[in-house]
Amino acid sequence: MPKKRSGGGLTGTQQAAKFLGVSVLSGAVLAGIALPAAGVLGLAAKGTVQGFDEIPADLKRPPLSQRTTILDAEGGQIATVYSRDRTVVDLKDISPYMQKAIVAIEDSRFYEHGAIDLKGVLRALNRNAQSGGVAQGASTLTQQYVKNVFVEEAGDDPDKVAQATQQTLGRKIQELKYAIQVEEELGKKKILENYLNITFFGQQAYGVEAAAKRYFSKSAKDLTLEEAAMLAGLVQSPSRYDPVNDVEEATKRRNIVLQRMAAVGDISQAEADRAKATPIQLKVSKPKNGCITAVDGAGFFCDYVREAFLSSPVFGKDREERNKIWNRGGLTIRTTLDPQAQKATQASITEHVYQSDKVATAVTMVQPGTGKILAMGQSKPYGFGKDETQINYSVNKSMGGSNYGFPVGSTFKPFVAAAALEQGRPPTQVYSAPYQMPYPDSVSTCGGKPWRNVGGDTVENENEKEVGPYALREAMELSVNTYFVQMIAEIGMCPVTEMTDKLGVVMGNDKKLPEKPSALTLGSDGMSPLTMATAYAAFANRGTYCTPVAIESIKTADGKSMEVPKSACTKAMSERTADTINELLGGVVDSGTGRQAGLSSRDNAGKTGTTDGRKNAWFVGYTPNLSGAVWVGSPTQQVEMEYITIGGEYHEKVFGGQVPGPIWKDAMTGALEGADSPSFVPVAIPDAPKPDGKGKPKPGDDPKPGGGGHSPWPGISIPPDLIGGGNGRGGQGNNGGGNGGWDWDR
């Protein structure tokens with residue numbers, strides 16, 4: 001209660017305050033603001049006033065932060081993301097009731113005064129002097145709009161927000177200056193439109209369109225009298241009058257607005273009374289913000305789109321600039337995601353690996369020839385709860401993925417074979433491939449300094465029955481480890497490194513693969529499913545590699561198109577080499593370790609992989625028009641997949657063809673349903689040398705008619721130190737020196 005003298009008048013302090021307030025306003029403020037030609041303000045506040053010709057352009061048309069909509073390739077909505085949930089609309093798309101309600105309660109003389117309502121100011125000063133505090137404000141709708149622009153520009157920076165909302169004379173004068181200029185340049189209708197689009201209505205809703213959707217699940221143009229009055233009442237204190245949490249307080253405030261509308265003649269008293277008697281009837285739509293709300297398990301793809309935007313220089317000179325554009329929003333982003341492929345991918349994941357399992361799976365599909373990412377999903381959903389994660393297991397760390405990716409096992413072997421073919425090795429290449437052998441003493445590298453097996457590391461095959469000699473086709477189908485170690489020993493590591501560079505193959509931390517035999521033959525280093533799917537897509541595309549892309553097009557809030565990153569396609573190998581790899585990997589799904597993954601209705605090829613300790617299992621495969629990679633394992637690499645239940649099915653030992661293979665098969669089948677069924681270009685690979693009764697080539701048999709020479713297989717050079725391991729029985733491999741990680745592949 002304000003203090004009064006016994007006679008009922010104001011105290012000396014209050015009278016002085018009233019006199020001082022009116023004097024300041026009438027003298028300094030009106031002289032300096034309302035009459036700028038006077039040229040002086042008589043104020044000492046530093047930096048509070050600029051020239052009248054320096055009004056910021058943003059005050060005319062503020063770049064309001066809005067929601068961004070992310071769409072799939074067919075225009076279906078994946079998710080909406082925003083820092084401010086706002087949809088800007090024209091005044092004609094806002095209910096007349098809403099326009100009248102906000103003016104009535106916030107600035108009933110809006111159409112009568114200029115930027116400053118002198119009567120309102122004097123009235124407020126008088127009330128405040130009587131109360132001894134701030135009992136009534138005097139800001140016009142235009143002044144409120146100017147203040148909201150400053151707050152909007154401050155974003156989420158607390159220091160900038162505090163500066164924008166500080167109650168100082170200098171700040172107030174600055175707002176008054178800009179309000180005068182805005183009135184002159186925009187006019188009343190545009191100011192009202194901008195105000196209704198910028199102001200905060202509570203419940204994360206910015207602007208009247210978002211507020212109408214939030215509280216009533218309808219558009220702002222369809223608001224009724226009662227609904228408009230309730231929303232107008234929120235502006236003064238969105239939390240206090242929040243109808244979701246306190247409908248009684250919200251009703252009182254709404255009724256004040258209705259009565260005010262009647263008092264100023266916007267509605268009749270009878271209309272006001274009828275509206276007051278109507279209970280508030282909410283139809284609340286919960287905020288759906290962010291990739292966590294994405295449909296069909298596409299949350300991680302949604303997050304990848306965001307990372308792709310923030311990391312591309314196409315959208316801004318640095319990440320800070322790109323982040324500002326993203327947060328401002330208002331974008332419509334059409335992506336490459338194919339809804340059919342995504343649904344099929346997520347259905348297969350759900351069928352084969354449960355969210356609560358000890359291990360997880362991640363699946364990514366890429367279109368050969370375009371690099372378009374068509375599907376991306378995993379068994380641990382996007383979220384913050386139990387058995388949920390924000391880590392995208394399908395991509396590299398820089399794009400929101402795991403720290404290092406996951407060892408890929410024998411899915412790496414096709415890269416070795418492709419490098420050897422490019423070096424002129426025949427597809428009938430034969431090596432002794434014993435069950436167990438030491439790594440070669442020395443293997444050449446790109447740098448000139450050879451890798452040396454200083455630790456005496458060894459490598460072995462999956463079981464003791466796998467004893468060569470083998471030709472390339474059978475070695476690929478059975479995934480014979482020692483065969484490919486002998487191959488890289490002969491051709492050197494540099495051709496393999498050059499091949500993987502051309503195929504965009506890097507570790508999950510985006511670093512180049514190390515030049516060591518275990519990494520460049522048996523896939524001991526971590527990579528992402530997206531990396532593998534994109535690399536294998538080059539085989540399907542007859543040797544041409546295309547970088548992955550997720551964004552098709554972007555339109556801004558005003559309908560303008562933005563430039564987007566394009567896939568870059570380059571030749572990684574000859575068509576003949578790619579066609580030969582397709583033939584070899586076709587054998588893997590026909591009669592090799594990938595039989596459980598094979599598609600019966602169309603040409604397909606692929607490779608299995610299972611890493612040391614069975615901590616990771618892979619299947620990477622493709623048709624001529626779709627490439628897909630499936631990883632199964634523990635994200636922490638702490639689970640060895642033996643005697644384990646996955647997706648309700650018990651497994652003594654997990655192999656690449658056994659768990660990832662069926663996931664790939666079901667996902668690809670659904671994704672390609674109704675699609676064309678093109679064929680690979682056939683390649684005739686000569687039969688291996690005739691068997692000696694045990695299904696192996698006989699030493700001395702010549703894989704090339706008319707060949708000759710001193711090796712067991714004429715025309716093929718096999719250094720003596722490549723053939724090791726005795727009779728191939730009983731030995732155990734050594735994973736020492738960081739060069740192990742071989743592939744137990746089935």
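Which helices do the buried residues of α9 pack against? In this predicted model, the buried residues of α9 pack against α2 (96-106), α8 (208-216), α10 (247-263) and α11 (269-276). Helix α9 is mostly covered, with nine of its ten residues buried. These buried residues are Leu225, Glu227, Ala228, Ala229, Met230, Leu231, Ala232, Gly233 and Leu234.

Glu227 deserves a separate description. This residue lies in α9, which spans residues 225-234. Its relative accessible area is 13%, so Glu227 counts as buried, the limit being under 20%. Beyond the residues up to four places away in sequence, Glu227 touches Phe216, Lys218 and Asp222. One of these contacts is polar: the side chains of Glu227 and Lys218 meet at 3.0 Å. The side chain of Glu227 also reaches a backbone atom, the nitrogen of Thr224, at 3.0 Å. Leu282 is 55 residues from Glu227 in sequence. In space, the C-alpha atoms of Glu227 and Leu282 are 8.9 Å apart.

Two other helices were examined as a pair. Two packed helices are described by the angle between their axes and the distance between the axes. The axes of α6 (residues 169-186) and α7 (residues 188-198) come within 7 Å. They cross at roughly 115°. Helix α6 contributes Val182, Glu183 and Leu186 to the contact, and α7 contributes Lys188, Lys190, Ile191 and Asn194. By type, the residues of this contact comprise three nonpolar, one polar and three charged.

The strands come next. Strand β19 covers residues 616-623, and eight of its eight residues are buried, so the strand is largely enclosed by the rest of the structure. In a regular strand the side chains alternate between the two faces of the sheet. In β19, Asn616, Trp618, Val620 and Tyr622 point one way. Ala617, Phe619, Gly621 and Thr623 point the other way. Residues of both sets are buried.

Strand β19 pairs with two strands, β18 and β20. Strand β18 (residues 605-610) runs antiparallel to β19, and six bridges join them. Within this pairing, Thr610 has Ala617 of β19 as its bridge partner. The hairpin of β18 and β19 has five residues between the strands. In that hairpin, Gly613 takes a positive phi near 75°. Strand β20 (residues 626-633) is also antiparallel to β19, and their pairing extends over eight bridges. Here Phe619 has Val630 of β20 as its bridge partner. A hairpin of two residues links β19 to β20.

Nonpolar packing was then considered. In soluble globular proteins, nonpolar side chains tend to be buried together. The largest nonpolar core holds 96 residues. Within this core, Phe412, Tyr483 and Leu503 touch the most other members. Leaving aside residues up to four places away in sequence, Phe412 touches Val496, Thr500, Val505, Leu513, Ala519, Leu520, Thr521, Gly523 and Met527. Another core, of 57 residues, lies apart from the largest one. Its members include Ala104, Phe150, Ala205 and Ala212.

The whole protein can now be summarized. It contains 22 helices and 22 strands. Of its 746 residues, 54% are buried. Among contacts with a separation of 6 or more, 70% involve residues 24 or more positions apart.

Key:
Residues numbered from 1 in each chain as written. Predicted model: local features only at pLDDT ≥ 70, side-chain atom pairs only at ≥ 80, totals over all residues. Heavy atoms only, no water. Helix = DSSP H or I, 4+ residues; strand = E, 2+ residues; numbered from the N terminus. Buried < 20%, exposed > 50% of the residue type's maximum accessible area, 1.4 Å probe, protein only. Contact = heavy atoms within 4.5 Å. Polar contact = N/O pair within 3.5 Å; in protein donor to acceptor, adjacent residues only side chain to side chain. Pairing = 2+ DSSP bridges. Core = buried A, V, L, I, M, F, W, Y, C linked by side-chain atoms within 4.5 Å. Axes fitted to C-alpha atoms, helices over the stretch in contact; angles between N-to-C directions. Nonpolar A, V, L, I, M, F, W, Y, C, P; charged D, E, K, R; others polar.
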